[in-house]
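Subject: Structure handover

Hi,

Here is the structure I promised to send over. Have a look at it first, and then read on for what turned up.

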Amino acid sequence: MSQSTYDNQSADRYHHRFEAIVFEKYQHDFWTPIIEAELIQYCTSRITLDLGCGTGLYYKLVMAHAKKITGIDASENMLSYCRKEIPEANVVHGSAESMPFDDASFETVFSIGMFQYVDVSKTLSECHRILKPGGSLIIETSNRWGGRKMITHTRAQLKGRTHSAHYYSRGKLIRFFKSAGFSIERIIMKDGLIFLPHFIEKIIGDRVYKLIERIFKPFPYNPFSQNMVFIVRKASIS
């Protein structure tokens, strides 16, 4: 989804999308506690950046724990909604690929659902630049081989539809992180989303997703997880 697409849609509808769509609700219910736990762990008492803050869903959570938090997003439409919902929010309009922050400005940077819409190499280079030595980067993004994403993306291509998002595999993103100077701490790939026809999804979708989730629970990760969370770190100065 491009910046212009975000600017041309209802920010309120986007903010509440998980309330009306079965797979969005499952995704929200599954990932929100996981992401919140990671953010609280890595952002508490730290100077933090919410990269691609959007409507401020995670900004609002982190602001209660961080020493200081700043948000940045490329969509003024989403930022306007964020400012309305969180009047005290410190958010700025800008690009992830060229951020208006000094070197080593933050101790933690997190980005939820944005990396498929940016130049990953440039964005990771910027994240590395603005992080202090030893700083943490937390990324949540879609998996190219996700059980739902793979089918819907292929169907769109067959119908000649273009998509502004670019989806990466686990291995590809690991190479991006290492090339940018980050070490991998943990990767979480555990959801059970797959493609289901709409009428089936409405009836038993949630039960199917939870069943797949349980099947893959004993394994280190589910290669077909719709989403991936990476926790990586910038090297400390020795």
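**Helix H3 and the rest**

In H3, the buried residues are Phe23, Glu24, Tyr26, Gln27, Phe30, Trp31, Thr32, Ile35, Glu38, Leu39, Tyr42 and Cys43. Buried here means under 20% relative accessible area, exposed means over 50%, and partly exposed is in between, with a 1.4 Å probe and protein chains only. Helices (H or I, at least four residues) and strands (E, at least two) are DSSP runs, numbered from the N terminus.

Before you go further, two notes on where the values come from. This is a predicted model, where local features need pLDDT of at least 70 and side-chain atom pairs count only at pLDDT 80 or more, while totals for chains, interfaces and linings use all residues. Residues are numbered from 1 along each chain as its sequence is written, and side-chain values use heavy atoms, with hydrogens and water left out.

Back to H3. Its 22 residues (22-43) should span 32 Å at 1.5 Å a residue, and the end C-alpha atoms are 30 Å apart, which agrees. The expected span is 1.5 Å times one less than the number of residues. H3 also bends by about 35° at tryptophan 31, and proline 33 follows within four residues. The bend is the angle between axes fitted to the seven residues ending at a residue and the seven starting there.

Glutamate 38 sits in H3 and counts as buried because its relative accessibility is 8%. Setting aside residues up to four places away in sequence, glutamate 38 touches Ile138, Arg186, Ile188 and Ile231; contact means heavy atoms within 4.5 Å.

Serine 45 has a positive phi of about 60° although it is not a glycine, and at 51% relative accessibility it counts as exposed. Alanine 104 is another non-glycine with a positive phi, about 50° in this case. You will find alanine 104 in the loop between strand E3 (91-93) and E4; with a relative accessible area of 31%, alanine 104 is partly exposed.

**The whole chain**

The chain has nine helices and seven strands. Its radius of gyration is 18 Å, close to the 18 Å that the globule rule gives for 238 residues, so the chain is as compact as a globular protein of that length. That radius is taken over C-alpha atoms, and the rule is 2.2 Å times the number of residues to the power 0.38. Taken along the principal axes, the C-alpha atoms fill a box of roughly 50 × 40 × 35 Å.

Of the 238 residues, 46% count as buried. Among contacts with a separation of 6 or more, 73% come from residues 24 or more positions apart. The chain exposes about 12000 Å², with carbon and sulfur atoms supplying 54% of it (Shrake-Rupley method, 1.4 Å probe; for residues, only the protein chains shown count as cover).

**Cores**

Which residues touch the most other members of the largest nonpolar core? They are Leu39 and Phe110, in a core of 31 residues. A nonpolar core is a set of buried Ala, Val, Leu, Ile, Met, Phe, Trp, Tyr and Cys residues joined through side-chain atoms within 4.5 Å. The elements that give two or more residues to this core are H3, helix H4 (57-62), helix H5 (76-85), strand E4 (106-112), helix H9 (198-216) and strand E7 (227-234). H3 gives the most, with eight residues. A second, separate core has 28 residues, including Leu49, Phe115, Val118 and Leu173.

Leucine 137, in strand E5 (residues 131-142), is buried with a relative accessible area of 0%. Leaving aside neighbours within four places in sequence, leucine 137 is in contact with residues including Leu124, Phe177, Phe182 and Ile231. Its C-alpha atom is 29 Å from that of threonine 152, 15 residues apart along the chain.

Leucine 124 is in helix H6 (residues 120-130) and is also buried, at 0%. Leucine 124 and alanine 180 are 56 residues apart in sequence and 6.1 Å apart in space, C-alpha to C-alpha.

Cheers
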